[in-house]
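Me: I would like to go through this structure with you, starting with its overall make-up. Please keep the answers plain.

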Amino acid sequence: MLEVFMYPVSGILKLWHLLFASFLDESMAWLVAIVFLVLTVRSFIAPLNWLSVRSGRISALMRPEANAIKARLDAATTVEEAVAALQDQKELHERYKYNPLVGCLPVFIIVPFFLGLYQVVLRASRIGQVDHVGLLTPGDVTSFRAALLNGVPITDFAREHRDLVVPILVLAIGFTILNMIITQYRSFLTLQFDEKVPRRMFWFMFSMIILMPWILWSAAMSGPIPVAIIFYWAWTYLYTLVQTLVYEYIMYRRYPLTDAVIQLRRDSFRAWRNKDTKKNKNPEGLSKEDLRAKRKHHAQILGEARKQIRLNSQQAAQKEAE
């Protein structure tokens with residue numbers, strides 16, 4: 001599957017190299033082509049990143065109202081009550097122009113492109129049999145492997161050239177960690193501490209901020225990582241850091257957190273500190289059979305309510321068509 005994404009990425013790298021090779025030497029042309037490859041591909045997927053970030057912020061802004069509607073939906077005992085709650089939920093999404101899929105779909109596009117970008121640089125850097133790498137011909141690959149960075153072949157392993165690689169590696173790790181810290185702080189501002197999954201994910205990512213410098217340093221200094229990958233990595237995360245800062249500024253100006261959202265987070269933090277995070281799923285003390293029957297009945301109510309909403313939408317669409 002990655003080969004599919006390698007073709008457009010390698011094509012972009014080839015075009016940039018052809019452009020810069022017209023007035024730069026081969027080594028410099030390839031190095032600048034890697035930089036512009038990063039800029040081109042990351043700029044192409046930047047709008048998708050923004051959709052994902054924006055969707056997360058919109059979800060947080062909706063949360064106070066969404067939680068109230070969900071509570072009504074969970075407490076609904078009739079189809080009419082469930083229909084009213086679902087209608088209010090739909091109106092809330094329309095008012096905020098929120099689509100849950102928007103926050104998920106970009107990942108399925110961003111990740112393959114990112115991996116394709118990485119694979120092009122990695123495969124072109126491998127010493128051994130000369131072969132096609134996407135749209136790069138064997139001649140292109142041979143030329144790429146002959147490129148030098150400060151007199152060092154960019155296909156050499158980073159661990160063999162510490163004097164050259166360490167400053168670049170430190171910058172790459174710094175850009176990566178700063179980006180993670182900013183992203184983690186954004187999550188902290190809207191985190192619901194009384195919900196187990198988001199809380200555990202937050203602490204996991206926090207631990208990764210601490211471990212990541214050691215992991216990345218060890219991989220670069222002991223693994224089979226070419227100099228070209230370290231070079232590419234530094235430019236990629238510099239771009240990512242700048243992009244994250246721009247997104248944070250836009251959200252601060254266009255989508256500031258409301259007092260209700262801030263208070264909701266504070267209440268959830270207070271509940272977590274008081275160890276009041278375990279919700280009683282059976283406050284009425286029903287038996288297992290009665291509880292199962294109650295849940296089944298509630299599921300039937302929700303099913304009927306959704307059918308009623310679909311029927312109303314179809315009837316409305318027919319009237320508009322007429």
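Me: How many helices and strands are there in the chain?
Reply: The chain has 10 helices and two strands, where helices (H or I, at least four residues) and strands (E, at least two) are DSSP runs numbered from the N terminus. Read from the N terminus, the order of elements is α-α-α-α-α-β-β-α-α-α-α-α.

Me: Before we continue, what should I know about the model and the numbering?
Reply: This is a predicted model, in which local features need pLDDT of at least 70 and side-chain atom pairs count only at pLDDT 80 or more, while totals for chains, interfaces and linings use all residues. Residues are numbered from 1 along each chain as its sequence is written, and side-chain values use heavy atoms, with hydrogens and water left out.

Me: What is the radius of gyration of the chain?
Reply: The chain has 26 Å, whereas a compact globule of 322 residues would have a value near 20 Å. The radius is taken over C-alpha atoms, and the globule rule is 2.2 Å times the number of residues to the power 0.38. Along the principal axes, the C-alpha atoms fill a box of roughly 75 × 60 × 40 Å.

Me: And what share of the residues is buried?
Reply: Of the 322 residues, 39% count as buried. Buried means under 20% relative accessible area, exposed over 50%, and partly exposed in between (1.4 Å probe, protein chains only).

Me: Which residues does UniProt list as "transmembrane region"?
Reply: The unreviewed UniProt entry lists residues 28-53, 100-121, 164-182, 202-219 and 225-247. Positions are given in the numbering used here, feature names are shortened, and annotations may be inferred rather than shown by experiment. In the model, residues 28-53 are 100% helix and 0% strand, with end C-alpha atoms 35 Å apart. Residues 202-219 are also 100% helix and 0% strand, and their end C-alpha atoms lie 24 Å apart.

Me: Which residues form the nonpolar patch on the surface?
Reply: The patch consists of Trp203, Phe206, Ile210, Leu211, Trp214 and Ile215, which together have about 650 Å² of accessible area. Patch residues have over 30% relative accessible area and no salt bridge; like charges are joined within 9 Å, and nonpolar side chains (Val, Leu, Ile, Met, Phe, Trp, Tyr) within 5 Å. A salt bridge is a side-chain nitrogen of Lys or Arg within 4 Å of a carboxyl oxygen of Asp or Glu. Areas come from the Shrake-Rupley method with a 1.4 Å probe, and for residues only the protein chains shown count as cover. Phe206 lies in helix H7 (residues 196-222).

Me: Why does Phe206 count as partly exposed?
Reply: Phe206 counts as partly exposed because its relative accessibility is 40%.

Me: Turning to Thr240, is it buried or exposed?
Reply: Thr240 is buried, at 7% relative accessibility. This residue lies in helix H8 (residues 227-254). Leaving aside neighbours within four places in sequence, Thr240 is in contact (heavy atoms within 4.5 Å) with Arg42 and Asn179.

Me: Where is Ala147, and what does it contact?
Reply: Ala147 is in the loop between helix H5 (138-145) and S1, and is buried at a relative accessible area of 1%. Apart from neighbours within four places in sequence, Ala147 contacts Ser27, Trp30, Val152, Pro153 and Ile154.

Me: Finally, what is the phi of Lys97?
Reply: Lys97 has a positive phi of about 55 degrees although it is not a glycine. Lys97 sits in the loop between helix H3 (79-96) and helix H4 (105-125), and is exposed at 69% relative accessible area. Asn150, in the loop between strand S1 (148-149) and strand S2 (152-153), has a positive phi of about 55 degrees and is not a glycine. Asn150 counts as exposed, at 68% relative accessibility.
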